[in-house]
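The following paragraphs lead through a structure, beginning with the chain as a whole and ending with a group of side chains. Please keep the sequence and the model in view while reading.

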Amino acid sequence: MTGHIVKSLTDPSFLIALLVSVAVFVTVFTLLPALGGDQLKKRMKSVALERDELRAKQRARLAAQTDRRRKGLREEQSLGMKNIVERLDLKRALVDESTLNKLRLAGFRGQNPLTVFLFFRLVLPFAGFALAAAYVFILGGLAERPNFVKLFVCILVAYAGFYAPVLYVSNRATKRKQSIQKAWPDALDLMLICVESGMSVETAFRRVADEIGAQSVELAEEFVLTNAELSFLQERRQAYENLATRTGLESVKAVTQALIQAERYGTPVGMALRVLANESRDMRMNEAEKKAAALPPKLTVPMILFFLPVLFCVILGPAGIQVSERGVFGDKHNSSE
């Protein structure tokens, strides 16, 4: 069987088919973003739907309207997942304030993402255990190991499946924060220009969202949502605090506090935004300098393992070739004598 597999792998027709498959996959993967449409328009449309939901909630404040809002385009969810989560009461067992904050930081809002998150935390451990058991006990994996080790591997895979959704949400939140942090100084500069030109804060948020979307879709989405909350919430302070909570960045929190104080005490908004924009830009520059300073220690091990052996081969290679050639010619000369 092993010889048959080796023969199949060394078959030229099989290798050509494999290379053609890889090329087709790479081509499709490259063209997929272009065929998927404009992601910015989709995210902005989603935020616009959420703004309509906020308007309905603020106008009516009735439980029936809240239920209808949850069944809209933004809150469509599988009835099967919802029934399972509600019957097992997973929200009480697995959800706390920290979990909700992580979902908000990752950009997941509403009940539908929470239901999907809890459903996968319930299903993935059993799916991982079943796959690991099938591989170990049916397909013969780890055949030389005792049954205790095989069972431990299955339990370990189930444990990893239980925490896989948490790792996914954490990774998504980290990438989202990095995207917002990178575009935040430019957004503050644009907001400063809008405010100093005479625009209101709501109009400035909307204008900056349209401009900054090409650089960070996540930040544009947050600005549109904050603009909607400023229009429909009773307290404008709550809208600013929600923006700081959803982003989880200290620089955003400082700007929201400055906006709250400016509206409370009537201080100029432009001066505060100018100072905070400079600070944010300096913080971004400091982060880049830290990464540049940490680069030499990180390159030490790769240089020792990969660069230096090649360098020694390049330097000592010609000398070794000359020594070997002289030795060969010397042996021939002695034999001729």
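Of the 337 residues in the chain, 27% are buried, where buried means under 20% relative accessible area, exposed over 50% and partly exposed in between, with a 1.4 Å probe and protein chains only. The model is predicted: local features need pLDDT of at least 70, side-chain atom pairs count only at pLDDT 80 or more, and totals for chains, interfaces and linings use all residues. Residues are numbered from 1 along each chain as its sequence is written, and side-chain values use heavy atoms, leaving out hydrogens and water.

The chain contains 15 helices and zero strands; these are DSSP runs, helices being H or I of at least four residues and strands E of at least two, numbered from the N terminus.

Five aromatic pairs occur in the structure. The pair of Y159 and Y163 is tilted, because the ring centres are 5.0 Å apart and the planes stand at 55°; rings of Phe, Tyr and Trp (its six-membered ring) pair if their centres lie within 6.5 Å, with planes under 30 degrees apart stacked, over 60 edge-to-face and the rest tilted. Both Y159 and Y163 belong to helix α9 (residues 147–196), four residues apart, about one turn of the helix. F162 and Y163 form an edge-to-face pair, 5.1 Å centre to centre with 90° between the planes. Together, Y159, F162 and Y163 make one aromatic cluster.

How accessible are these side chains? Y159 counts as exposed at 51% relative accessibility, whereas Y163 is partly exposed at 35%, as is F162 at 23%.

R121 places its charged end over the ring of F162, 4.1 Å from the centre, and also lies over the face of Y163, at 5.5 Å from the ring centre. A charge sits over a ring if NZ of Lys or CZ of Arg is within 6 Å of the ring centre and within 35 degrees of the ring normal.
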